[in-house]
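Have the viewer open as you read.

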Amino acid sequence: MSEAVTAPAASPAVRLPPATRVPKLVCGLFFATSRRWMIKRLARRYGNVFSINLPMFGRVVVVGEPELAKQIFTTSPEELGNIQPNLSRMFGSGSVFALDRDDHRRRRRLLASPFHGKSMKNYESIIEEETLRETAGWPEGQPVATLPSMMHITLNAILRAVFGAHGAELDELRRLIPPWVTLGSRLAALPKPTWTYGRFSPWGQLAKWRRQYDVVIDKLIAAERADPNFEDRTDVLALMLRSTYDDGSIMSRKDIGDELLTLLAAGHETTAATLGWAFERITRHPDLLAALVEEADNGGNELRQATILEVQRARTVIDFAARRVYPPVFQLGEWTIPRGYSIIVSIAQIHNDPNVFAHPERFDPQRYLGTKPSSFAWIPFGGGTRRCVGAAFANMEMDVVLRTILRHFTIETTSAPGERWHCRGVAYTPKDGGRIVVRRR
Ligand code: HEM
């Protein structure tokens with residue numbers, strides 16, 4: 001008797017969402033310079049799911065629906081992997097941004113303990129101290145842009161809490177990192193040349209800063225190891241130096257340098273930008289501001305937490321999270337997307353969708369009083385296995401900075417129009433730096 005031979009199931013036919021006819025180079029230019037505007041325009045024309053063709057990334061499906069975001073974030077990394085190229089171009093191959101599948105899982109496990117919600121209490125006093133030090137020089141009764149100060153606070157907070165840096169090394173990193181992050185962010189959306197074209201080119205400048213940074217990191221590592229209390233230290237550098245992977249291996253010196261740089265760059269500008277927006281928003285809502293002050297004085301934080309959630313929804317600083325299709329095809333809702341395509345979850349588009357958030361244009365922290373936001377509609381930290389590793393740290397930091405400033409300053413309200421968006425390359429900041437007028441209390 002002959003056995004029936006079952007033909008291998010044919011791959012389902014590719015079914016792609018509508019594609020824009022805008023040429024690849026033009027798309028790339030807009031993506032690098034006016035991403036939010038471009039995605040909004042295209043979504044208005046093609047709907048919540050459409051595809052574009054971009055230099056560096058190739059074919060990309062842009063998704064602006066929570067249901068599909070949920071599917072993307074809950075799909076295994078074996079199917080939806082790491083976008084290529086990614087930010088490890090700036091940080092090095094040892095960065096968590098470079099890793100995929102098992103390597104990524106191992107690194108995330110290693111990073112979990114210092115960034116776990118429970119470890120946060122230890123860092124609060126550092127943040128408060130940095131906030132008081134930075135704001136001590138704020139002039140009274142005249143506009144002050146909060147963003148530069150927030151950049152200093154968040155940088156110092158990470159350097160101290162995450163790096164355990166102090167003294168000469170802390171000063172050196174404080175000097176090196178800000179211009180590096182600013183230039184790196186601008187270059188992140190551009191193709192990386194094979195050659196740096198000399199030390200006066202932007203890429204050459206980044207390479208020079210990296211060499212200087214490595215010298216400081218070597219000194220920091222030596223100082224940490226020499227500390228008699230090394231075994232008790234809770235900064236991330238000490239944890240990385242002490243930690244071992246499941247197979248007993250340790251993180252290499254290069255990987256530690258790449259990862260520390262990643263945490264610094266990913267953690268400092270994003271948190272500062274959100275804080276800048278927080279000041280920009282609360283000065284334009286007098287009742288909210290008065291209630292926040294009263295709550296800070298009385299030791300509560302429910303409204304402050306709701307305000308932070310709403311700032312992150314209404315003024316999203318990182319506008320997308322991206323993945324790449326690995327299997328021959330990936331079924332996303334009604335679409336069948338072939339291997340090699342990238343998928344971008346348009347965070348900003350979802351946060352501004354009236355079908356998802358009623359009156360999305362309204363800044364209204366009341367939305368979150370007594371309720372938690374949906375983890376697939378409120379997604380400023382992305383989602384799934386690659387969700388922002390520093391989310392709890394960022395939340396704690398924003399809470400402490402806001403609380404400290406509300407307790408020590410009276411912030412004047414304003415009826416001036418809201419500030420416009422400014423793209424720094426990766427993060428979006430308020431165009432005038434989140435200006436406020438303050439008086440000491
Ligand atoms: C308000 C502040 C922040 C925002 C809005 C933000 C946003 C994001 C987003 C959207 C992603 C991509 C997630 C995805 O692909 O699903 C991400 C990843 C990441 N963030 Fe943040 N972030 C913030 C603060 C921080 C802080 C404070 C740190 C570290 C101290 C940090 C470190 C990272 C790292 C290392 C990744 C890569 C995670 C991975 O690939 O596994 N971020 N962040």
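An oxygen atom of the ligand sits 3.0 Å from a polar backbone atom of Gly383, a polar contact in the sense of N or O atoms paired within 3.5 Å (inside the protein, one must be able to donate a hydrogen and the other to accept it, and residues adjacent in sequence count only if both atoms are side-chain atoms). Keep in mind that this is a predicted model, where local features need pLDDT of at least 70 and side-chain atom pairs count only at pLDDT 80 or more, while totals for chains, interfaces and linings use all residues. Numbering runs from 1 along each chain as its sequence is written, and side-chain values use heavy atoms, with hydrogens and water left out.

**Ligand site**

- There are 30 residues around the ligand, and His104, Arg108, Arg323, Gly383 and Cys388 come nearest; being near takes a heavy atom within 4 Å.
- On the side-chain end, an N or O atom of His104 is 2.6 Å from a ligand oxygen, and one of Arg323 is 2.8 Å from a ligand oxygen.
- Which elements supply at least two residues of the shell each? They are α5 (101–112), α11 (253–282), β5 (320–325) and α15 (391–408), with α11 giving the most, seven residues.
- Helices (H or I, at least four residues) and strands (E, at least two) are DSSP runs, numbered from the N terminus.
- By type, the shell splits into 17 nonpolar, 10 polar and three charged residues; here Ala, Val, Leu, Ile, Met, Phe, Trp, Tyr, Cys and Pro count as nonpolar, Asp, Glu, Lys and Arg as charged, and the others, Gly among them, as polar.

- Most residues other than glycine have a negative phi, and most peptide bonds are trans.
- The Gln84 to Pro85 peptide bond is cis, with omega near -10 degrees, and Pro85 is in the loop between β3 (80–82) and α4 (88–91).
- Arg101, in helix α5, has a positive phi near 45 degrees.
- His359 also has a positive phi, near 45 degrees, but its place is the loop between α14 (347–351) and α15.
- Both count as partly exposed, Arg101 because its relative accessible area is 34% and His359 because its value is 41%; buried means under 20%, exposed over 50%, and partly exposed in between (1.4 Å probe, protein chains only).

**Charge pairs**

- Side chains of opposite charge can pair when their charged atoms come close.
- The model has 34 salt bridges, each a side-chain nitrogen of Lys or Arg within 4 Å of a carboxyl oxygen of Asp or Glu.
- Arg160 pairs with Glu130, their closest N and O atoms being 2.8 Å apart. This links distant parts of the chain, from helix α7 (residues 146–161) to helix α6 (residues 121–135), 30 residues apart.
- Buried or partly exposed: which is Glu130? Glu130 has a relative accessible area of 2%, so it is buried, whereas Arg160, at 22%, counts as partly exposed.
- Arg233 and Glu224 form a salt bridge at 3.2 Å between the closest N and O atoms; Arg233 is buried at 16%, and Glu224 is buried at 1%.
- One network of salt bridges with shared partners joins Arg210, Asp214, Asp218, Arg253, Lys254 and Asp258.

**A buried threonine**

- Thr316 lies in the loop between α13 (302–314) and β5, and it is buried because its relative accessible area is 1%.
- A polar atom of the Thr316 side chain is 3.0 Å from the backbone oxygen of Gln312.
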